[in-house]
Amino acid sequence: MNILYHVGRYFWMLGKVFSKPERHKMYGRQLFHEIDALGLNSIGIVVIISLFIGGILTIQLAYNLMNPLYPKTLIGLGTRDTLILEFSSTIIGLILAGKIGSNITSEIGSMKVTEQIDSLDVMGVNSASYLILPKIVAVVFIMPFLVILSIFFGLVGGLVVGPLAGVVTVPDYIDGIRYFFIPYYVTFTLVKSVFFGFLIASVPAYYGYFVTGGALEVGKASTKAVVNTNILILLFDLILTRLLLT
Amino acid sequence: MIKVSGLSKSFEEKTVLQNISTTFEPGKTNLIIGRSGSGKTVLLKCILGLFEPDSGKIMYDDRDLTTMRQKERKMLRREIGMVFQGGALFDSLTVEENVRFPLDMFTNFSGKEKLKRVNFCLDHVNITNANHMFPSEISGGMKKRVAIARAIALNPKYLFCDEPNSGLDPETSTLIDNLIHDLTKEFNMTTIINTHDMNSVIEIGDSVLFIHKGEKCWEGTKKEILNSGNQVLEDFIFANKLYAQMKKGQIH
């Protein structure tokens, strides 16, 4: 029953979020601010994590493909496909659920407990739409770019770490990442990234928007938001994989 | 004018407001007083439309808030200014942007006109040279004054203040009280102030409504309050010895 209550209230909030904005110009200004605050500020962490993931994946694949009958090009191919199909979208989604999600919950939650949201409502501003819509649009818009960036830097990580660790040569690795490329995999990962972006912005916004109490409750709401967003990302990963890859 | 009649509100089993009827006149500072937990804030939030009352009417001049559609409520809210207890200024915006926010949202003023209006409002609350400061960089008293400036930016007909001088020193409290009182007279607003500060009552209480355990217990003016003859009200007021001495004529 508790889950149904939260699901119902989440969709009620989304109804408010997607109602007609009061003034498009103000929303546009907010959107650019959110793209900068939530998206562009995440580029650094995405690059660092992707470099490491790519490097680690390359070493692990090389370890699993030690049989001399396997061509070394499989290491690059495996790294590429794993990054595209799963790691770049899902791992980056999970990481950003922590970074962006906790940011959104604490920002909206703090506004709630300090009556700034009431203040918007009293003015006649649709607070849910004004605060949450630009965040959702910003994250949904920026996520595919971050995933593409992650794939690129993941491959670079493998390219640097593989030869340095002596598990693959540069030509073998590059041959591998160019071998038997299926463009649909990229479409698949971009579709996933849009869904994940929506969850990363909307679920934490829900927890922030309905928080009651003080700073302690905002902290608890942030934790709940991150945990539940992570679970939902994995659930949607499973559903979308089943729907789009079989 | 705001007229409340037969207003009741419960939360689950608990009755918070019971059959409240009163009138708040324009050009007057109308105070709602009472102990903590007496239902003052719930009454204020019901009048504002932030809580839906279980029964009763709330008339803004000739418009009934309780039967209004969402769109009509939004229009009405543009005639309302609200000063929250903590100021509720937007942390990410500067003082100037905070005051300009309702103008950006609801008017078609040019940039110059908006700036002129912002400076007019800030001048009225005696804030100068703070346009580009953030709320975290100004004092509590200044925050309240900026909140008042933001509340009057759209030239509202109705002004609501929830404990506007809580947490302020006596001098700043008096300054805020007098500011609200003067603005009310100057712009002929219907002002409703929620407070439990007796100094405010004595200073600016043109009309005072005393709420006790969710019911209207007494109504009158600041001149009548010290000799109301209402035991519950007297217990509330004279809990402070200063006012007891005032009544006895020991302090003038």
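These legends describe close-up views of a predicted model.

**View 1. Chain A is built from helices, with no strands.** Chain A holds nine helices and zero strands. Read from the N terminus, its elements run α-α-α-α-α-α-α-α-α. The C-alpha trace spans about 70 × 40 × 35 Å along its principal axes. Chain A has 246 residues, and 43% of them count as buried. Take the contacts in chain A between residues at least 6 apart in sequence: 88% of these join residues at least 24 apart.

**View 2. Helices α8 and α9 of chain A pack against each other.** Helix α8(A) covers residues 183–209, and helix α9(A) covers residues 215–244. Their axes come within 9 Å and cross at roughly 155 degrees. Angles over 145 degrees count as roughly antiparallel, and α8(A) and α9(A) are therefore roughly antiparallel to each other. The crossing is right-handed. On the α8(A) side, the contact includes A:Phe188, A:Val191, A:Phe195, A:Phe196, A:Leu199, A:Ile200, A:Val203 and A:Tyr207. A:Lys192, A:Pro204 and A:Gly208 of α8(A) also take part. On the α9(A) side, the contributors include A:Ala221, A:Ala225, A:Leu232, A:Ile233, A:Phe236, A:Leu240 and A:Leu244. A:Lys224, A:Asn228, A:Thr229 and A:Asp237 of α9(A) join them. By class, the contact has 16 nonpolar, three polar and three charged residues.

**View 3. Chain A touches chain B.** Here 13 residues of chain A are in contact with 14 residues of chain B. Helix α5(A), residues 116–123, gives the most to the chain A side, with six residues. That side of chain A divides into four nonpolar, four polar and five charged residues.

**View 4. Four strands of chain B form an open sheet.** The strand order is β2-β1-β4-β5, and the pairing is antiparallel. Strands β2(B) and β5(B) stand at the edges. Each has a single partner strand, so one side of each is left without a neighbour in the sheet. Strands of a sheet pair through backbone hydrogen bonds, either parallel or antiparallel.

**View 5. Strand β1 of chain B pairs with β2(B) in a hairpin.** Strand β1(B) covers residues 2–11, and strand β2(B) covers residues 14–24. They pair in the antiparallel sense over seven bridges. B:Lys3 stands opposite B:Thr23 in β2(B). The hairpin has two residues between the strands. In this hairpin, B:Glu12 takes a positive phi near 55 degrees.

**View 6. Strand β4 of chain B pairs with β1(B) and with β5(B).** Strand β4(B) covers residues 55–60. Five bridges join β1(B) to β4(B), and the two run antiparallel. B:Ile2 stands opposite B:Tyr60 in β4(B). On to β5(B), residues 63–64: two bridges join β4(B) to this strand, again antiparallel. B:Met59 stands opposite B:Asp64 in β5(B).

**View 7. Strand β6 of chain B is covered on both faces.** Strand β6(B) covers residues 80–83. B:Ile80 and B:Met82 lie on one side, with B:Gly81 and B:Val83 on the other. All four are buried. Strand β7(B), residues 158–162, runs parallel to β6(B), and four bridges join the two. B:Ile80 stands opposite B:Tyr158 in β7(B).

Technical notes: Residues numbered from 1 in each chain as written. Chains lettered and ligands numbered in written order. Predicted model: local features only at pLDDT ≥ 70, side-chain atom pairs only at ≥ 80, totals over all residues. Axes fitted to C-alpha atoms, helices over the stretch in contact; angles between N-to-C directions. Parallel < 35°, antiparallel > 145°, perpendicular 65-115°, else oblique. Left-handed = near helix turned anticlockwise from the far one by under 90°. Contact = placed C-beta atoms within 7 Å. Nonpolar A, V, L, I, M, F, W, Y, C, P; charged D, E, K, R; others polar. Buried ≥ 20, exposed ≤ 12 C-beta atoms within 10 Å, placed from the backbone. Pairing = 2+ DSSP bridges.
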